[in-house]
Amino acid sequence: MAIICSICGKKQSGFASDYPLSSTHLQERICTDCENRKQKCIVSSRSDFEKYKVCKEEFLSFVSENVSSSVRSGIHQIVSECDSHFQEHENAVELKNQISNYMMTSGFNFEGWRITKYIKVISAETVLGTGFASEFSASVANLLGTETDKFAKKFEQAKDSSLNKLISKAVDLGANALIGVDFDYPLIYNNIIAVIASATAVVVEKAEE
Ligand SMILES: [Zn+2]
């Protein structure tokens, strides 16, 4: 029985494999080419960010004009999920940039700069959700790559988020630098870990030679 791809409309021979559009649209079948383009779109949105825009465009360029509204909503669902993964990555990158452009140190001075004003000690926290600690200890116990990586990444993001809040506070106080930057990881209740960043907000100016 010939199958018509519900994305591109191409007629498939009875021997060709076909795939469901998505887990919520199992009845709508798509051809191997569309499936490959869809997979590339999904994978790039999660791990190969450089290619995501191109993969998404390519995937969408094969959507025939007369697809049914159900197929259209299925495609929309796939793409918006990809977009949100991609956006998460973009936000993390932006956070990193903001952080890396601000003057801060775990020490108490900057070479070539003079501290002209100590404003105050500030801190900012990010809470890692319920279940994190128990999942984390479980994954430490069996120390197998991907899970541990995932937690390390989550931790790293929480650190960045705390630092970013710290920087916002410093900027609000009129500081242009942070000294004595330090992190603390208190365990709140059983399963909730917080990442607290603290530092002294200061004003620095370039020292004269
Ligand atoms: Zn197709």
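**Group meeting talk: a zinc site and its surroundings**

Okay, so let's start with the chain as a whole: of the 209 residues in the protein chain, 34% are buried. Before I go on, keep in mind that this is a predicted model. The accessible surface comes to about 12900 Å², and carbon and sulfur atoms hold 53% of that.

Now the secondary structure. We have 5 helices and 9 strands. If you walk along from the N terminus, you go β-β-β-β-α-α-α-β-β-α-α-β-β-β. And what about contacts? Take the ones with a separation of 6 or more: 66% of those join residues 24 or more positions apart.

Which residues coordinate the zinc ion? They are Cys 5, Cys 8, Cys 31 and Cys 34, each through its SG atom, at 2.2 to 2.3 Å. Written as a spacing in sequence, the donor residues read C-x2-C-x22-C-x2-C. Look at where two of them sit: Cys 5 is in the loop between strand S1 (3-4) and strand S2 (11-12), while Cys 31 belongs to strand S4 (residues 25-31), so this pair ties together parts that are 26 residues apart in sequence. Both Cys 5 and Cys 31 are buried, by the way.

So what is the geometry around the zinc ion? The 4 donor atoms subtend angles of 104 to 115°. To count as tetrahedral, four donors need all their angles between 85 and 135 degrees, and therefore the arrangement here is tetrahedral. For reference, the ideal angle for four tetrahedral donors is 109.5 degrees.

Next, a residue I'd like you to find in the viewer: Ser 44. It's in helix H1, which covers residues 32-46. Is Ser 44 buried or exposed? Its relative accessible area is 2%, and the cut-off for buried is under 20%, so Ser 44 counts as buried. Leaving out residues up to four places away in sequence, Ser 44 touches Phe 49, Lys 51, Tyr 52 and Cys 55.

Last stop, the surface. Val 127, Ile 188 and Tyr 189 make a nonpolar patch there of about 330 Å². Let's zoom in on Ile 188, which lies in strand S8, residues 187-188. Why do we call Ile 188 partly exposed? Because its relative accessible area is 31%, and partly exposed runs from the buried limit of 20% up to the exposed limit of 50%.

Methods: Residues numbered from 1 in each chain as written. Predicted model: local features only at pLDDT ≥ 70, side-chain atom pairs only at ≥ 80, totals over all residues. Heavy atoms only, no water. Patch = residues over 30% accessible without salt bridge, like charges linked within 9 Å, V, L, I, M, F, W, Y side chains within 5 Å. Areas by Shrake-Rupley, 256 points an atom, 1.4 Å probe, with all protein chains shown as cover. Salt bridge = Lys/Arg side-chain N within 4 Å of Asp/Glu carboxyl O. Helix = DSSP H or I, 4+ residues; strand = E, 2+ residues; numbered from the N terminus. Buried < 20%, exposed > 50% of the residue type's maximum accessible area, 1.4 Å probe, protein only. Contact = heavy atoms within 4.5 Å. Donors = N, O, S within 2.8 Å, 3.2 Å for Na, K, Ca; no water. Tetrahedral: all angles 85-135°; square planar, octahedral: opposite > 155°, others 65-115°.
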